[in-house]
Amino acid sequence: MSYTPEMRESIKKVEATRPYRLHNDFPPMSLQEREEILRKFHPDYIEDKMRPIRVGVSKGQRMPLELADVMEGKPRIDPDKFDLSEVDYETDVLVIGGGGAGAAAALMAQEHGAKVILATKLRFGDANTMMAQGGIQAADKPNDSPVIHYLDVVGGGHFVNIPDLVEALVMDAPFVISWLESLGMMFDKEPDGTMRTQHGGGTSRKRMHSARDYSGAEIMRTLRDEVRNRYQDITVLEFSPAIELILDENGQCAGAILMNLETGEHLIVKAKCTVLATGGSGRLHYQGFPTTNHYGATADGLVIGYRAGVPLIFLDTMQYHPTGAAYPEQIVGLLVTEKVRGLGAQVLNVDGEQFVFPREPRDVESAAIIRECVERKKGVKTPSGMCGVWLDSPMIDILHGPGTIQRELPAMVRQFKRFGIDITKEPILVYPTLHYQNGGLQYNVDGSTVVPNLFAAGEVTGGVHGRNRLMGNSLLDVLVFGRRAGTSAALRSKEVKLGRLTLDHVRQWIRELKEAGIEPKVESPILLPDYTRKVK
Amino acid sequence: MAEEMVPVYIMGKLYEVPAGLTIMKAMEYAGYRLIRGVGCRGGFCGACATVYRIANDPKLYVGLACQTIVQPGMYLAQIPFFPAEKALYDINQLKPEPETIFKLYPQVLRCLGCGTCTKSCPQELDVRAYMAAAMRGDIARVADLSFDCIMCGLCSARCPAEEPQYNIAILCRRLYGKYLAPRSKHLEERLREIQEGKFDEEMKKIKSLSVDELKKLYSARDIEPE
Ligand SMILES: Cc1cc2nc3c(=O)[nH]c(=O)nc-3n(C[C@H](O)[C@H](O)[C@H](O)COP(=O)(O)OP(=O)(O)OC[C@H]3O[C@@H](n4cnc5c(N)ncnc54)[C@H](O)[C@@H]3O)c2cc1C
Ligand code: FES
């Protein structure tokens with residue numbers, strides 16, 4: 001499975017330019033150059049791949065065609081026939097989604113005195129959080145400050161981020177790191193306790209904290225273990241996705257309908273407060289892109305939250321990670337962590353030349369790679385007809401000393417070794433891959449939404465990252481706002497009085513679809529992508 | 001050109017699938033809509049533990065379905081769930097000492113040192129070595145050696161002494177992270193500064209800037225050198 005002879009020829013050119021590149025990085029772009037390249041080459045700017053949504057509170061907002069179809073989907077249950085009278089579970093706080101945001105919310109809700117149910121679609125921890133490699137940002141070094149962090153966040157996000165949310169993000173950040181440590185997470189440190197931090201795309205200070213390249217896994221398994229230890233107050237329901245929210249007669253959120261993924265049985269959970277933490281939507285494969293996301297990233301929370309009346313924001317911008325694997329075929333689309341560039345690997349064309357600063361914000365870096373392949377035709381072709389550019393991983397050991405790659409990037413080394421490629425000696429072929437949903441449900445600094453008693457946190461939400469999230473700010477986001485949402489939900493649950501349960505909002509939704517003349521293309525939430533070959 | 005096909009047995013039943021697919025994609029090719037045994041599809045979550053044998057080879061092999069390429073004559077079985085014991089504890093009440101391991105997981109001392117676990121690990125971790133460290137009560141060593149564990153459960157599934165290796169490992173990592181890792185002085189200092197309101201004025205100011213002013217500041221940022 002190792003590289004083809006043509007690829008090897010190109011690798012020779014990569015090797016030849018290393019001595020020069022040791023001392024010469026390609027210069028970063030100006031803001032104006034960034035704007036230009038984005039407009040011409042970024043997938044978000046392709047007009048006919050987006051359309052406005054035609055129903056609901058954010059009617060008229062543009063989003064990818066694939067998402068709009070799912071959002072305008074037909075509910076999985078018939079509200080006129082569904083019986084809400086037999087409640088299966090009653091609880092103070094229902095958390096929907098067992099990733100980082102959900103686990104953090106459950107823990108904080110429990111600490112604030114609530115009985116919690118955490119319902120999730122697959123296994124607890126089968127989530128994008130588990131897959132994050134690079135790290136988590138926090139301004140905790142003496143040469144850094146939350147204010148500098150703030151500026152990086154809004155600059156990366158094209159200056160449209162919601163200021164209050166950004167403030168919460170950067171000011172809570174050091175507390176989140178400290179919280180994780182108190183739960184026993186192992187960060188990369190110097191012997192004297194100083195955090196070993198790196199740059200990420202768009203950072204002006206080295207504030208990326210990591211746990212080798214298993215940063216997300218280390219966070220997720222630690223939080224999961226802690227949730228399990230608190231079994232007396234937190235009940236975890238696996239393979240039980242939410243398929244619809246339930247409101248009460250006064251328009252407050254009152255829980256959700258879950259579906260046993262294996263038997264199809266419906267379960268009714270009545271909850272004083274509900275936290276939506278269902279993550280992103282990479283498995284919708286916008287514009288046919290491969291994705292880095294886990295199997296269950298199918299926009300479910302957007303669908304059911306929107307039907308219940310929560311407005312949307314920035315869903316016309318998706319993050320394409322600049323460095324998805326382009327070879328070998330078996331792992332196309334899988335993430336090659338940004339930490340590889342953070343540690344000094346440069347991005348090169350077929351002739352071994354640099355054409356972009358290696359640490360531009362992600363959207364800009366992706367656009368530059370697409371330009372190199374599509375317009376300048378200077379990419380490297382793979383046997384399956386894909387095009388990619390080189391990410392020169394061996395530079396890392398040249399810059400920082402032998403053994404650095406193995407120590408800092410064990411997951412990456414292992415990933416490629418399984419397919420016969422040694423990234424400590426050979427560069428990696430990469431092309432942009434669908435990675436992150438920048439926008440989502442609108443929410444407030446305390447995690448609340450416009451629907452009373454409904455909270456939201458994590459990748460399902462939008463606003464804090466503006467139109468482009470920087471690496472390391474999403475793990476931070478899910479923990480900052482997961483914690484806030486869990487705390488708020490628990491406190492709020494002490495005052496909630498619920499009325500009669502209803503699915504009127506679902507009925508209303510079906511009516512709106514009909515009035516708009518929409519014939520839904522799918523039933524949604526779709527819950528899982530369908531990759532089965534259609535057998536006869 | 002016709003695709004090269006290979007025969008594989010999924011739960012004992014024969015299917016022809018294209019060469020070069022991962023086990024996971026081969027199952028989907030065969031017509032399975034996966035619910036169990038699939039999570040991240042990228043080698044990070046441990047949902048897709050698989051045991052297999054190859055025709056005419058008596059050995060049992062293990063792998064992650066999302067990371068292993070099919071070979072002709074593979075007999076595949078998924079282990080999407082394994083009921084290993086997990087001790088329940090309050091991390092704040094524990095002490096980072098050998099007795100903690102022995103009390104929560106007394107079976108650790110029954111480990112035979114046979115090394116079946118090491119052979120079963122799809123992450124190629126030396127599970128036996130960290131179990132030996134656990135028996136010595138060397139928490140830091142267990143934490144380090146087990147760090148890349150994705151908790152797929154294959155070690156436990158194959159263990160003749162019925163050890164819950166991966167749960168012992170996470171206990172040690174948490175003990176290490178919480179009690180034994182050196183503290184970060186700069187982090188504690190920053191928490192104090194934020195609590196004292198050191199950044200409040202500046203934060204208020206930057207939040208009130210216009211987009212043009214922010215752009216100017218942003219373009220003038222000094223970037224910490226590599
Ligand atoms: C490969 C990869 C690498 C990344 N690297 C980094 C990084 O280095 N730094 C960084 O900051 N960010 C990174 N990110 C982004 C970051 O990991 C995610 O944005 C973040 O973890 C999302 O957390 P979450 O809790 O919102 O969602 P998730 O962690 O995805 O959790 C959502 C959970 O909800 C469940 N769910 C979905 N639908 C339903 C439903 N209907 N009912 C019940 N449950 C449901 C899902 O199954 C899942 O368990 C990376 C992402 C990926 C994919
Ligand atoms: S599906 Fe997560 S490790 Fe294979």
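## A covered helix in chain A

Helix α10 of chain A, spanning residues 300-307, is mostly covered, with eight of its eight residues buried. The model described here is a predicted one. The buried residues of α10(A) are Asp300(A), Gly301(A), Leu302(A), Val303(A), Ile304(A), Gly305(A), Tyr306(A) and Arg307(A). After α10(A) comes Gly309(A), which has a positive phi, near 115 degrees.

Which partner does Arg307(A) have in a salt bridge? The partner is Glu244(A), and the closest N and O atoms of the two are 3.0 Å apart. Arg307(A) and Glu244(A) are both buried.

## Nonpolar cores

The largest nonpolar core comprises 126 residues. Those with the most contacts inside this core are Val93(A), Ile136(A), Trp179(A), Leu180(A), Leu223(A), Leu479(A) and Phe481(A). Helix α8 of chain A (residues 163-182) provides the largest share of the core, 11 residues. Apart from this core lies another, of 91 residues, which includes Leu94(A), Ala299(A), Tyr320(A) and Ile369(A). In soluble globular proteins, nonpolar side chains tend to be buried together.

Leu180(A) illustrates the contacts in detail. With residues up to four places away in sequence not counted, Leu180(A) touches Ile136(A), Met185(A), Phe187(A), Ile219(A), Leu223(A) and Leu479(A).

## The interface of chains A and B

In the contact between the two chains, 91 residues of chain A meet 76 residues of chain B. Together the chains bury about 7,600 Å², of which 56% is on carbon and sulfur atoms. The interface of chain A and chain B contains 14 salt bridges and 45 residue pairs in polar contact, both residues of each pair being at pLDDT 80 or more. On the side of chain A that touches chain B, at least two residues each come from α3 (31-41), α6 (128-131), α7 (146-156), α8, α9 (215-229) and α15 (410-417) of chain A. The most, 11 residues, are given by α8(A). By residue class, this side of chain A divides into 38 nonpolar, 22 polar and 31 charged residues.

The side chains of Arg414(A) and Asp148(B) meet in one of them, at 3.3 Å from N to O. Another joins Asp152(A) to Arg221(B), with the closest N and O atoms 2.6 Å apart. This pair crosses between chains, from helix α7 of chain A, which holds Asp152(A), to the segment after α10 (211-219) of chain B, which holds Arg221(B). Asp152(A) is buried, its relative accessible area being 0%. Arg221(B) counts as buried because its relative accessibility is 17%, under the 20% limit.

## Salt bridges over the whole structure

Over all chains, the structure holds 61 salt bridges. One of them is formed by the side chains of Glu360(A) and Arg34(A), at 3.5 Å from N to O. This pair links distant parts of the chain, 326 residues apart: Glu360(A) is in the loop between β14 (347-348) and α12 (362-374) of chain A, and Arg34(A) is in helix α3 of chain A. Glu360(A) and Arg34(A) are buried.

Is Ser493(A) buried or exposed? Ser493(A), in helix α16 (residues 473-493) of chain A, is buried because its relative accessible area is 5%, under the 20% limit. Leaving aside neighbours within four places in sequence, Ser493(A) is in contact with Asp92(A), Val93(A), Lys272(A) and Cys273(A). Val93(A) is also among the residues with the most contacts inside the largest nonpolar core.

Cys114(B) is found in the loop between α2 (98-104) and α3 (116-120) of chain B. At 37% relative accessibility, Cys114(B) counts as partly exposed. Apart from neighbours within four places in sequence, Cys114(B) is in contact with Arg128(B) and Pro160(B). Cys114(B) and Glu99(B) are 15 residues apart along the chain, and their C-alpha atoms are separated by 24 Å.

Definitions and conventions. Residues are numbered from 1 along each chain as its sequence is written. Chains are lettered from A and ligands numbered from 1 in the order in which they are written. This is a predicted model: local features need pLDDT of at least 70, side-chain atom pairs count only at pLDDT 80 or more; totals for chains, interfaces and linings use all residues. Side-chain values use heavy atoms; hydrogens and water are left out. A nonpolar core is a set of buried Ala, Val, Leu, Ile, Met, Phe, Trp, Tyr and Cys residues joined through side-chain atoms within 4.5 Å. Buried means under 20% relative accessible area, exposed over 50%, partly exposed in between (1.4 Å probe, protein chains only). Helices (H or I, at least four residues) and strands (E, at least two) are DSSP runs, numbered from the N terminus. Contact means heavy atoms within 4.5 Å. Buried area is the accessible area (1.4 Å probe) that two parts lose on being put together, summed over both. A salt bridge is a side-chain nitrogen of Lys or Arg within 4 Å of a carboxyl oxygen of Asp or Glu. A polar contact is a pair of N or O atoms within 3.5 Å; within protein, one must be able to donate a hydrogen and the other to accept it, and residues adjacent in sequence count only if both atoms are side-chain atoms. Ala, Val, Leu, Ile, Met, Phe, Trp, Tyr, Cys and Pro count as nonpolar, Asp, Glu, Lys and Arg as charged, and the others, Gly among them, as polar.
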